[in-house]
Amino acid sequence: MAPEPPPLLGRLVRLRPPTKQDVPRLSGWYLDPELVSPFDRYAMDRPDDLAHSLLTAPQDPTSLAPRFMIEPIAGGPAVGAVGHFSAHPILTLMDVWYVIGAPEGRGKGYGSDAVGVLIGHLFATTVVERVGAVCDVANVGSYKLLEHLGLRREGTYRSALYHHAGWHDVAVYGITRSEWTARSAAPG
């Protein structure tokens with residue numbers, strides 16, 4: 001068995017691969033209809049299926065399973081998870097997703113720090129030229145996080161996501177490798 005890679009570190013968070021011990025916490029977040037459901041489809045794997053997804057995700061570029069757990073550097077349990085997936089079968093791009101599942105972890109900058117660390121990691125370790133994300137157009141917190149990191153709104157997929165018994169528009173955001181590099185090199 002290969003040794004576990006070191007965690008990825010941000011200013012506020014460390015990202016580490018999920019383990020089987022994280023399944024109950026992740027399941028709790030996904031079983032909470034008020035956490036996921038307001039802005040995304042509400043679908044939950046059985047805990048055994050989630051555990052299997054966590055195990056197989058590293059070998060599956062299309063997996064939507066969490067790739068990293070978000071832990072505050074200051075200590076304490078995981079407050080969320082982030083992931084990435086190959087968003088298109090032909091285009092060379094990657095999409096990211098994120099959730100701060102623990103109420104005590106919200107509003108502290110953990111989400112933007114974690115997503116920024118993940119985007120930097122993807123540009124540093126893959127050949128992808130564009131990293132993007134989509135979010136419900138009504139999810140103000142999500143698109144503000146993306147804009148804070150320098151992702152630009154590139155368009156809208158109309159009626160692309162079904163949740164709460166209706167079709168919702170999603171905003172499409174992206175940043176290119178050169179934009180990320182310029183942003184990362186800028187002072188301040």
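Colleague: Is Arg130 buried or exposed?

Modeller: The model is a predicted one. Arg130 is found in strand β6, residues 130–136. Buried means under 20% relative accessible area. Because its relative accessibility is 16%, Arg130 counts as buried.

Colleague: Which side chain does the side chain of Arg130 join in a polar contact?

Modeller: Not counting residues up to four places away in sequence, Arg130 touches several residues, including Asp95, Phe123, Glu154 and Tyr173. A polar contact of 2.5 Å joins the side chain of Arg130 to that of Glu154.

Colleague: Which residues of strand β5 point the other way from Met94, Val96, Tyr98 and Ile100?

Modeller: Strand β5 spans residues 94–100 and is mostly covered, with seven of its seven residues buried. Both sets of residues are buried. Opposite in direction to Met94, Val96, Tyr98 and Ile100 are Asp95, Trp97 and Val99.

Colleague: Which residue of β5 is the bridge partner of Gly80?

Modeller: Strand β4, residues 80–86, runs antiparallel to β5, and seven bridges join them. Within β5, the partner of Gly80 is Ile100.

Colleague: What is the handedness of the crossover from β5 to β6?

Modeller: Strands β5 and β6 run parallel and are joined by two bridges. Met94 stands opposite Val131 in β6. The chain passes from β5 through α3 to β6, and this β-α-β crossover is right-handed.

Colleague: Why do the buried residues of helix α2 lie on the same side of α2?

Modeller: In α2, residues 47–56, the buried residues are Leu50, Ala51 and Leu54. They lie on the same side of α2 because the arc they cover around the axis is only 100°.

Colleague: Which residues are exposed on the other side of α2, and which helix is included in what covers its buried residues?

Modeller: The exposed residues on the other side of α2 are Asp48 and Leu55. As for the buried residues of α2, what covers them includes residues 23–31, that is, helix α1.

Definitions and conventions:
Residues numbered from 1 in each chain as written. Predicted model: local features only at pLDDT ≥ 70, side-chain atom pairs only at ≥ 80, totals over all residues. Heavy atoms only, no water. Helix = DSSP H or I, 4+ residues; strand = E, 2+ residues; numbered from the N terminus. Buried < 20%, exposed > 50% of the residue type's maximum accessible area, 1.4 Å probe, protein only. Polar contact = N/O pair within 3.5 Å; in protein donor to acceptor, adjacent residues only side chain to side chain. Contact = heavy atoms within 4.5 Å. Arc of directions from axis to C-beta. Pairing = 2+ DSSP bridges. Right-handed = clockwise from strand over helix to strand, strands pointing away.
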